[in-house]
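Work through the exercises below with the sequence and the structure side by side. Try each task before reading its solution.

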Amino acid sequence: MTMYGPSGVDVGDPSEGSVDPAETPARPPGRTELVPRLLGPIALVVVMAALGFLLSDNVLLTLQEVLALAVFATATNLLLGQAGLVSFGQAVFYGLGAYTVALGWLHWQLPFWATFVMAPLLGALVAVPIGLVALRARRLYFALSTLAFSELAYQLAESRYDFTKGANGVFGAFVPTALTYPRTGYLFVLAVTVASLLLLWKVNHSPFGLVLRAIRENRGRMQALGVNVYLHQLLAFVISGAFCALAGAMFVVYSQSSYPELLDWTTSGGPVFMAVIGGMGTFLGPAVGAFIYQFGHDELVRYVSDWQLVLGVVLLVIVMFWPDGLLGGLGRLARLLRKRRGDR
Amino acid sequence: MSDDVLLSARGLRRTFGTFRAVDGVDLDVRRGSIHSVIGPNGAGKTTLFRLLTGILRPSAGTLHFGGESIGGQPVHVIARRGLVQAFQATNIFPRLSVRDSLRAALISRHGRTRDLLSWSQRSLDTEASTLLETVGLTPLAEEEAQRLSHGDQRALEVALALAMRPRLLLLDEPTAGMSPFESRKMVQLVQRLAQEEQLTVILSEHDMETVFGISDRVSVMHQGQVIADGPAPEVRANSDVMAIYLGSDA
Amino acid sequence: MDLASLVTPLVGALSAASSLFIVAAGLTLVFGALRLINLAHGSFYMYGAFLATTLAAWSAHTGLWIALVASPLLAAGMGVVVEVGVLRRLYAREHLTQLLATFALLLIFADLALRFWGKGVRGVSPPRVVRGNLELAGAPVPLYDLVIIGAAVVVGGGLWLLLSRTTLGWKIRAVVDDPEVLAASGVNVRLLYTGVFALGALLAGLSGVIIAPQQAVEPGMDAQIIVAAFIVAVIGGLGSITGAAVGALIIGIVETMGASWAPSWASTFIYLLMILVLAVRPWGLLGTPER
């Protein structure tokens, strides 16, 4: 018989960004347990692949963008939800990935396959100095620092006309013809998305992932346990940077262009927004948020010119009343129901 | 130092300006025993504990742990040697489950914090389950740490300390703020640790029933000095000690 | 080099610094008292500027003067609505929540502005009486630059007086340290919070109307100005008005000098400066480290 203290009652703040036990396995899945758990995700992937043959070209193009954003948001959530690091600067890597593909073609005629692979590598590389500096600041100041980096990157892209073509952006045939067809482009982007999400999922569920969450919960305690917090946060920053850059390269398949706005702080705000809508404390939350955000945007833009207004109101409502986001809230509901059933 | 003495202090002193918080303390703690340190508030118990764990450096005196001198060593070195204190309950990982909290501590101890590739961590999970059993938190393994009752959070704290594989565990007022039921659970846990795990335990306490119920030896502190030290029944019978206590305790 | 050739760039730098100061003052004031980063601060600024253009279009002679009063009031009103309706519920929550809420408000206000004022760029000329140049030490100096400098002095002086010489100012400074103790001594802390936030918004609206004659009034100016305000506030020290003044001076000088020597590098340098400050001394030049 155990007693639950007053903190057992949710009062908004403690539940924010809570790690959903339904997402983190209680015990590592044994061989026999793994199969039923994989069924769901595999089915989802199969369905999404099949959709590539069923949906219209327009929708497939939109989905390309959505998938890139899903990876962008999930990679950002490694910092936001897992490590507890609020970054308003992940667009630096996103834009870097896009520009790698575009400028690699423009200046050195590099093939897409080469630049596509280079993008995450460059993202990781650039993340090191940025992380080394930004992570010296705590919490709020870290957020402001990343925001400054984002604006700095935007500035540089806009002003170095000779290299980046400035505000005009870079347009060209850097995406191989095969990928310019909506269906093949979609399937390619889907494949990369699945691979990326699998890797990011692995990071979350590794000892490193748990250490990140523990650092988020109690930095001092982990230091007392001998963990170099700075180093681990830097590692998370580098991994996130790599995948954000990959997302940027994926975006180019859709946009076939690259431009400075991809680097600025409002673009950085996007994945944060998506993670909050979908649920920072869950793995697929950010991806769901990306779907909602982008489809919402694209659909709204068609019928209603006030998409910013609607998105803003949605974000505000979620932030105020539903801090766990969509998946987080559903997860909590499910656990609540499970508990009630268990008590009976 | 005889074979069965794990921790030994001689002439331990700590001053803050002119104030002598700990003033020439001698202490011998035997392996596998439960050794209580008691005394009124301000007697120097907390300072003594901080000297033992390395949070404070001694102003004078010697400190030996397992035959080696630890006076002046940093906290994490002393902790790795096996002298660990269980923290106050507010120092937990609020939103991690009980099991994940232990796993985090174990991962840190095993130095596997940068491990991105491991799929299953069988040995770690077995160790975590064992720790849960030891402190009696198995039914609460998947609960969020912040939702636990105060008593269960203290048990979690003990488990986190145990994850460091200590040879000596320091408990600073382990039953503070607990209901009689929770206190009894904590006391039973401490006894189990000493008997079954052969862990040496030093605890500071105000609850006399606890102290004389489970301690092998008791040291009484007053104004920075140890005024009585010996097997529990002897100290209990010592009338000077009782006078000091009855004089200043409720 | 004679005095005359120094005067124009100097006044230009001071004018730039003054604009930055007036915008940043409200942002840093709100952070100092409420520990809140308001991304929608730029929205209040933008609305102030847009309202000025509307009023100026409506009445060429008196429009701008009316706006001098109307814009701050509009912004203050918006501030009250925002604080009472949204922010008040979020004080107990994490900083990220508050930040996101103000980000959402930024989006909402931006959209509404598009509805009210459309996508186009607007402009407004300074009132007739302060148009043109003045001769100062043999060099031509835009009169309006001096107006802006004067406005910054008034705002700075007013804030200094408020914070250091009045009871209200004392309460504002005290509330960040221990709101409960203050409330226990009879101060209506809720009202105080609303008031400070409204004051910050008012300052933003004021800066909007004052700066409007010197720049393009267009959608996107809200996001633009907020970054500049941040840089100034961070370098000077979030929460410190004096810091904002110092920060504004530094940035104003760098910007103006950079504009003539190496325009693109000037902005880069400014961002690097902000990053450096955040890495080495995050509470800024004149701020106080958070306990």
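This is a predicted model: local features need pLDDT of at least 70, side-chain atom pairs count only at pLDDT 80 or more; totals for chains, interfaces and linings use all residues.

Residues are numbered from 1 along each chain as its sequence is written, and chains are lettered from A and ligands numbered from 1 in the order in which they are written.

**Exercise 1. Confidence**

Task: State the predictor's scores for the complex and for chain C.

Solution. Step 1: the complex has an ipTM of 0.85 and a pTM of 0.85 from the predictor. Step 2: pLDDT is the predictor's confidence in each residue, from 0 to 100. Chain C averages a pLDDT of 89, and 99% of its residues score at least 70.

**Exercise 2. Which chains touch**

Task: Find which of the pairs of chains in contact shares the most contacts, and describe the side of chain C that touches chain A.

Solution. Step 1: two residues are in contact if their C-beta atoms, placed from the backbone, lie within 7 Å. Step 2: two pairs of chains are in contact, and chains A and C share the most contacts. Chain B and chain C do not touch, since their nearest C-alpha atoms are given as 15 Å apart. Step 3: the contact between chains A and C takes 34 residues from chain A and 33 residues from chain C. Step 4: helices and strands are DSSP runs numbered from the N terminus (helices: H or I, at least four residues; strands: E, at least two). On the side of chain C that touches chain A, helix 4 (95-117), helix 9 (221-236) and helix 11 (263-280) of chain C each supply at least two residues. Helix 4 of chain C gives the largest share, 13 residues. Step 5: Ala, Val, Leu, Ile, Met, Phe, Trp, Tyr, Cys and Pro count as nonpolar, Asp, Glu, Lys and Arg as charged, and the others, Gly among them, as polar. By this scheme, that side of chain C has 24 nonpolar, five polar and four charged residues.

**Exercise 3. Chains B and A**

Task: Describe the make-up of chain B and of chain A.

Solution. Step 1: chain B has nine helices and ten strands. Its radius of gyration is 18 Å, close to the 18 Å that the globule rule gives for 250 residues, so chain B is as compact as a globular protein of that length. The radius is taken over C-alpha atoms, and the rule is 2.2 Å times the number of residues to the power 0.38. Along the principal axes, the C-alpha atoms of chain B fill a box of roughly 60 × 40 × 35 Å. Step 2: a residue is buried if 20 or more other C-beta atoms lie within 10 Å of its own, exposed if 12 or fewer, and partly exposed in between, with C-beta atoms placed from the backbone. In chain B, 44% of the 250 residues are buried. Step 3: chain A has 15 helices and two strands, and 53% of its 344 residues count as buried. Step 4: take the contacts with a separation of 6 or more. Residues 24 or more positions apart account for 65% of them in chain B and for 80% in chain A.

**Exercise 4. Two enclosed helices**

Task: How many residues of helix 5 of chain B are buried, and what covers the buried residues of helix 9 of chain A?

Solution. Step 1: helix 5 (residues 150-162) of chain B has 13 residues and reaches 18 Å from its first C-alpha to its last, close to the 18 Å expected at 1.5 Å a residue. The expected span is 1.5 Å times one less than the number of residues. Step 2: twelve of the 13 residues are buried, so helix 5 of chain B is largely enclosed by the rest of the structure. Among the buried ones are Gly151(B), Arg154(B) and Leu162(B). Their cover includes strand 6 (83-86) and helix 6 (180-196) of chain B. Step 3: in helix 9 (residues 207-217) of chain A, eleven of the eleven residues are buried, so this helix is largely enclosed too. Its cover includes helix 2 (57-82) and helix 8 (182-204) of chain A, together with helix 3 (98-109) of chain B.
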